[in-house]
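Let's read a model together, one feature at a time. Have the coordinates open and follow along.

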Amino acid sequence: MQPDDRLYVELIPDDKACEYLRDLVDYIKPYIKGRPVDPTKWHLTILHFGIADHVFYDLQRVLPNISRTVYAEALDGYIERAKKSLPPPTKLPTSTLELFGIKENVLVLNLEPSETIENVHTNALANLTMFLNDCGVVDPQEFIQNSINFKWALELRPHITLFRGVVSFKNEQIKIRPAKLNFNQSNLHGL
C-alpha cells in the first residue's frame, strides 16, 4: 500500500453496466461543466477508509501517544477482515443523479441498496469499529462522526461518481433511463 492510496471496499460494474454509464455520461455532457471520471475508475464504494497516513494523524487528535506499531497492527487486522467479507456479485437499480461532497462539486449516480449490500455495509462498519477499538479509541461512534476520514462511513449511500469539479449542472433537464446495474467483482481498493 502506497502512503497516498485511498483504502475502501468497492464493487466493480460489469461491461454492460459500464456501457450504460458511458451512455449516461455522454447524455449528461451538454448539461454540465465538469470533468468526467475515467471509466476505468468507476466503482461503488461500500465503506471508505481513506488514506492510511491521514487516518493515523486523525487518530492522534484523540490518542496523542498512539504508536505506529499499534496502528499498523490494527490496520493489518482491518485489512484481513475486510478481505474476508467482500461483497458478493449483485445487481442494484439506478435511482437519481445528485451533486455530492463537501463542496457539492461531484456528480454521482445513486443506486438503491439491496438487503445484501446493507448487510455488507453493516459488517464493514463493524470492522471499522473493531479497528478503532484496536487502536484504543474509547467511543468509535463519536470518533467516526467527528472524523474527516470516516464521517461518511456511518451511512450507506451507494453511488458511482460520474463527474468531478462540477461548476454547473442543469439537472432539471436530465431524465435518466432506469436500469439494474450488475456488479460482478468486489475489491479492497488501495492494496
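Predicted model: local features only at pLDDT ≥ 70, side-chain atom pairs only at ≥ 80, totals over all residues.

Q: Let's start with helix packing. How are H3 and H4 oriented relative to each other?

A: Look at the crossing angle of the axes: over 145 degrees counts as roughly antiparallel. Here the axes of H3 (residues 68-84) and H4 (residues 115-135) cross at roughly 160 degrees and come within 9 Å, so H3 and H4 are roughly antiparallel. The crossing of H3 and H4 is right-handed.

Q: Which residues of H3 and H4 meet?

A: On the H3 side you'll find Val70, Tyr71, Ala74, Leu75, Tyr78, Arg81 and Ala82, and they meet Asn127, Leu128, Met130, Phe131, Asp134 and Cys135 of H4. Sorted by class, the contact of H3 with H4 has 10 nonpolar residues, 1 polar and 2 charged.

Q: Which residues make the contact between H2 and H3?

A: From H2 come Ala52, Asp53, Val55, Phe56, Tyr57 and Leu59; from H3 come Arg68, Tyr71 and Leu75. That contact of H2 with H3 splits into 7 nonpolar and 2 charged residues, with no polar ones.

Q: On to single residues. Is histidine 43 buried or exposed?

A: Check the relative accessible area: under 20% means buried. Histidine 43 has 16% relative accessibility, so it counts as buried. You'll find histidine 43 in the loop between strand E2 (32-36) and strand E3 (44-51).

Q: What does the side chain of histidine 43 reach?

A: For polar contacts, look for N or O pairs within 3.5 Å. The histidine 43 side chain reaches the backbone oxygen of lysine 41 at 2.8 Å, and it makes a polar contact with the threonine 45 side chain at 3.1 Å. Beyond four places in sequence, histidine 43 is in contact with Tyr8, Glu10, Leu11, Ile12, Pro13, His159 and Ile160.

Q: Which residues does proline 93 touch?

A: Setting aside residues up to four places away in sequence, proline 93 touches Leu111, Glu112, Ala179 and Lys180.

Definitions and conventions: Residues numbered from 1 in each chain as written. Heavy atoms only, no water. Axes fitted to C-alpha atoms, helices over the stretch in contact; angles between N-to-C directions. Helix = DSSP H or I, 4+ residues; strand = E, 2+ residues; numbered from the N terminus. Parallel < 35°, antiparallel > 145°, perpendicular 65-115°, else oblique. Left-handed = near helix turned anticlockwise from the far one by under 90°. Contact = heavy atoms within 4.5 Å. Nonpolar A, V, L, I, M, F, W, Y, C, P; charged D, E, K, R; others polar. Buried < 20%, exposed > 50% of the residue type's maximum accessible area, 1.4 Å probe, protein only. Polar contact = N/O pair within 3.5 Å; in protein donor to acceptor, adjacent residues only side chain to side chain.
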